[in-house]
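Here's a quick walk through one protein chain, starting from its inside and then turning to the chain as a whole. Have a look at the model first.

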Amino acid sequence: MAVETRRRRRSLGSQGITFWPERLAADPGRNPVASSLISISQTSRCGFGLLMYGFGSKKVLLEDFASTSLTDYGALVLNGYLPSINLKQVIIAICEMLQDQLKTSRKGSVRKKAKTQQPLSFQSMEDLLMFLNEQPSDDNESFVCLIIHNIDGPALRDFETQQYLARLASCSPVRVIASTDHVNAPLLWDKKMVHTQFNWCWYHVPTFAPYKAEGVFFPLILAGSSAAQSTKTALVVLQSLTPNAQSVFKVLAEHQLANVKEEGMPVNTLYTKCREKFLVSSQVTLNSHLTEFKDHELVKVRKHSDGQDCLYIPLTTESLERLLQELV
Amino acid sequence: MASCPSSDPPSPPPASDGISGNHNLQPFFVLHKASHSSSAPRKTYERSPASKKTKRRIDLSGSPSKPSKNVDDSLPTDPSDPIFDQLRFDAFNRTWSKIDTTIKDVLRKINLNLFDDVRCWVQQSFLTIRATSPVPSIAITCPYPLSTDALCKQIPTAFICTKNAEFVDDLLTFQELGEHLKCSGCHVANLSSLDFSAKHGIGSCISSLLRTLVPDAADVADISVLGSWYSEFSRHDNPVVVIIDDMERSNGDVLAEFILMMSEWAIKIPVIFIMGVATTVGAPKRLLPSGALRCLLPCKFTLGTPCERMNALIEAVLVKPCTRFTISHKVAVFLRSYFLKHDGTVTSFIRALKLACIKHFSMEHLSFLGYGVLQDDCEVAWLHKHEILPDVCKYTSILSLHKREKGFERAGDAFVNGLNELRRLHKNWGSIVMCLFETGKFNKMRFFDIFCEALDPSSYTLNCPDDTSSTDIFPGGVFTPAKGGSIAQAIYKIHEKVRELQLIMRSVDGGKILKENGADVDKSEFLHARKSISSINEKAATLLETIVRNLLVPFECIPFHEIICFKHVHILQTALIGDPRRTIQVDLLKSRAHLQCSCCGSHDSVISSSMHDTSIMYKLAQEYGDLINLHDWYQSFKATILGSRSKTKRKGQSPASKKMKTALIEGDAMIQARFCRAVIELQITGLLRMPSKRRPDFVQRVAFGL
C-alpha cells in the first residue's frame, strides 16, 4: 500500500505532475484533451500568468514543467522563499536573456536598444521595464518565462516589490509562472494587478511534497525561541526607542562588530564612550537604557574572563550589520 | 508503516531536484536558455513518432472556395494528436482576435462622443490660453520664471467622472483617450496614481512625465527639460495634456505640488489636465489644498456606467452571430454573478471570457471546426472537412446528441446538416434575443438577465421528448419563458406597447370615421373597423410570442453545439477564482482525497498514523481554540504516530531490551523532527503563527472554519 502511494507521488514529481492541474479539474475520461500539458502552456502563451496553489512544495513541479514544455523559451527561476532578493538584478537578467534570444532569432540587432546604450546594470528600474515593454511582441514567440517560487515569500511580500513584479508580468515578452503557499496570498494584489498585469489563471496543485527549500529559513519550534531573535524584531523594538537610546545601542553594536572575538563590552567602557559622544549624562541614564534593552532581549550580560560584567548583543555578525544598516 | 510523503523514509530525490538543489539558496538562476533549433517560427508541440511521418494541411478558414486538395491520406487517428492541438490553438487565436477587436470597437464606440467632446474642450482651452497670454516665440525660450498674472497660471482641468468605484475598467478608457488626443496633435502623457506617491515625491511624477514626452532626456527630474523640449521645432502649436487616470488614489500633497509647479510654468508649457474621478466631483476638494485648487480651471465630463458597457458587450460579443464562440447557460449565470456580486468590473468579465475561450479550445476536440460555423455557403467546405477528417465522425460519437443522426445515409450528410442547422438556429436565436434587447432597453432591463434566460435549456421543451427514434435530428420544441423572468417581462412589455398602439389607432381611426361620416355615423361599420384592427394587433402580438416560443432555441438543445459552446463552469470557476484560504485547509483536512492512498482509511475524520504529518497536525489543531499548547499538541501527535506502531510491537518484542530503548530515543528524535517540520509547513501556509514572548508555549491558530 505504501509502495503504491510512493509510486503515485513519484509520478507526480517527475512526469505526471506536468499535466496534473487540468486532470484534477476536468474528468479525464470524458475530456482526454484536458489532460494535456499543452493546454497549460497555451494558457501561458495566450497572455495569462499561471499561479499554482495548494498544499505542498511546488518547486520541482514548476521547474519540471518549464524544463519539459517551455524549452523553446528562456526560463529564469526566482526563489521567492529566500529572506532577501534584489529584484533589479532579476530584471537585468531577464533583459539580457531577451536580448540574446532576439539576437539569435533575428540574427540582427534588437529593434530597440536599451536607453543611451548604457550597460543594463547602470539603468534604473523604470528604464529596464520600459526596455522590456518596448520589445517587439508581434510574433508572440520570443518571450522569457519567469518562474517565481513563492511569490508570497518574505522578500517579495511588500507592496512595492509586488508592484514591480506586476509591471514585469505585464511586459509583453515576459510570461510569469508562479507558486503561492500562503492562505492570504491574494491580499497582496489589487484589482489592477490581478486583472490587467498578472492576469492569473489559477491551478490547484496539492503536491504534498515537503517544503525542503522553502522551510530552511524558519526557526525550529522546539529549538528554543530566544535564540531566534531576528533582525526584524530587534529593529521594531529599536525604532520605538528614543534616538539617544538607539545611538547607545549603535555604540555597543559597533564595538561588537569591531571586536568579534571579545566576549562583550564592559559597562564602564560603554558609559565612557557614550559620555564622550554626549549620549548620556550620567550612569543612571545609561542604566535606564540598558534596562530597556535587557527587557527586550536586545542586550545580554555575561561574565568576562577577568570576572567583570560585560554586555553583548545576541545576534550574529551578519544580522547585526544588517540591523545597523536598516537602523540608519 | 508510514506511507505518505513526509512519513516516508528518505527516498532518492527526483532527477530535477538534484539539478536545482545547488540553486536553492540562490536568489535567482537561469533554468535554461531558449533552444533555437530552426529559424522558422517555433511550435510548442512535438508530434508523436507515429504521426511525425504525416503532414497535412487542413483548411480552417471555413471558406468553400479554398478546399485543400493536396491531402495526405494517412491521418492521425488519435484525437489528442498534437496536430489537433495546433489546429485548436490556431482556431483560438483567430476567434479571440475577432472577439478582442469587437470588444475594443464596442468600448471605443461607447466613449467616442465623450472623447470628441474632450478633444474639442482641449482645443478650445488651448486657444483660450494662447489668447489670454499672447506669448511671442522668444518668450517661450526665455529662462524661467516668466512673470504672469494669476489668471494665466490657471490650468484647464477636465474631471472625468467614471461612475465606477473600480478604476480598473477605466485604465483602457484613459489610454484610448490619450491615443485619441494624440491623433489630434496633442502631446499626451498618461500618469497613474503610483507616480504621485508620498515615498518618491514630486521627482517621480516629473520623471514619468519626462520619460513619456522626452524619451531621450537624461534621467533627471527637471521640469526645465520639458520647457526646452516644448520650445523646440513646432511643438508649441499644440498643448501638453497630462492624464491622471485615478487621481483619488494619488497622494494629495504630491499632486498639489505638481499642480503648483505646472501652473508656474503654465505660460512656457501650456498644460491641460485630465483627471479621472471615481466617486464624486467633490473629490478634488477633499484631496487638494485650496492653493492647488485655485490653480485649476475645472470642467466636468461623465463616462458611461459599467452596466451600459456590459450591455453593449453582451450584445456585440455573445448575441450577434459574428463570433464562433459562445457559452452555456450555467457559464452565463456564473459570469453574471461574478460580474454583479464578485467583482463588478468589465475587465474581469472580458478576462473570464478569454479564459473560457482558451479552456474551450483546449478541451473540446472539434472546437477547431467552430471557426467558420457561422459563415454562409460553407456546406461544401464542411463536407470536404468531413472527408479529409474521417475521425471527425468518430469524435462526434462523444458528443451527446450524435445518436440521433440515424436518419442520414452518410455520416457526412448528418454532420453537414447538423452544422447548417446549428448556424441557422444560432442566427435565429441571435435575432430574437436582439429583439428582446430592444424591448428591454425601454424597460431599463439588464441584457445579461435576458441573455441568461434565453440560454436556459430548461425553458425549452421538446415536442416529442420520448421519441428518440425520430429521423428528425433537429429540435422541434417550444421555448417557455420563466414566469417573472426577463423574457416574460419583455414579452409583457411588447403586449403593453401593442395595446398602446391599438388605443392610439382606435382614437385616430375613430376620429377619422367620425369626421368622414359626420352625423350619419354607421355604428356597425365603426365597430367592425375596430374589431379588425384589434384582431390584426392581437395577431401581431401572438406572432411575436410564437417567434420567441419557436425560434428561441437555447444552444444546449442543438446538436453539435459543443463545437462552439463552452460548458465547463466548474473549470472556469477554479481557474478564475483561486481560493487558497479554503482550498489549502481542505487539502490538509481531506488529504486522502488528493493522495488517493489506500492506507489511511476511508474516513477523512479519522486520524491515522499513515497520513501526511502536516495533515495529522492540522487535524489535531482543530480540537484547540485560537491558542494551541505546544506540549499537548506534540504529545497528541506522538500518540498518533506511535499508536499503530506500539500495537504491532507489543505482540512480539520484549520491552526491557536496551536496543528497544535506543530505538525509542531515536524514534523520539525523529518524531520531534517531524513535528518541527510540520509546524514549519503550517507556518509557510500561514495557518499558524509562532509563539509570542508572553506565551512561549503556545502557538496561535489563524484560520477557523472553511
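Which residues have the most contacts inside the largest nonpolar core? They are Ile314(B), Leu335(B) and Phe451(B), in a core of 93 residues. A nonpolar core here is a set of buried Ala, Val, Leu, Ile, Met, Phe, Trp, Tyr and Cys residues joined through side-chain atoms within 4.5 Å. The largest share of this core, eleven residues, comes from helix 3 (residues 82-132) of chain B. Apart from it lies another core, and Ile155(B) and Phe273(B) are among its 57 residues.

This is a predicted model: local features need pLDDT of at least 70, side-chain atom pairs count only at pLDDT 80 or more, and totals for chains, interfaces and linings use all residues. Residues are numbered from 1 along each chain as written, chains are lettered from A and ligands numbered from 1 in written order, and side-chain values use heavy atoms, without hydrogens or water.

Back to Ile314(B): leaving aside neighbours within four places in sequence, its contacts (heavy atoms within 4.5 Å) include Val319(B), Phe349(B) and Phe451(B). Ile314(B) is one of the buried residues of helix 11 of chain B. Eleven of that helix's 14 residues are buried, meaning under 20% relative accessible area with a 1.4 Å probe, protein chains only.

Here's chain B in brief:

| Feature of chain B | Value |
|---|---|
| Buried share of its 706 residues | 51% |
| Accessible surface (Shrake-Rupley, 1.4 Å probe) | about 33600 Å² |
| Carbon and sulfur share of that surface | 56% |

Key:
Buried means under 20% relative accessible area, exposed over 50%, partly exposed in between (1.4 Å probe, protein chains only). Helices (H or I, at least four residues) and strands (E, at least two) are DSSP runs, numbered from the N terminus.
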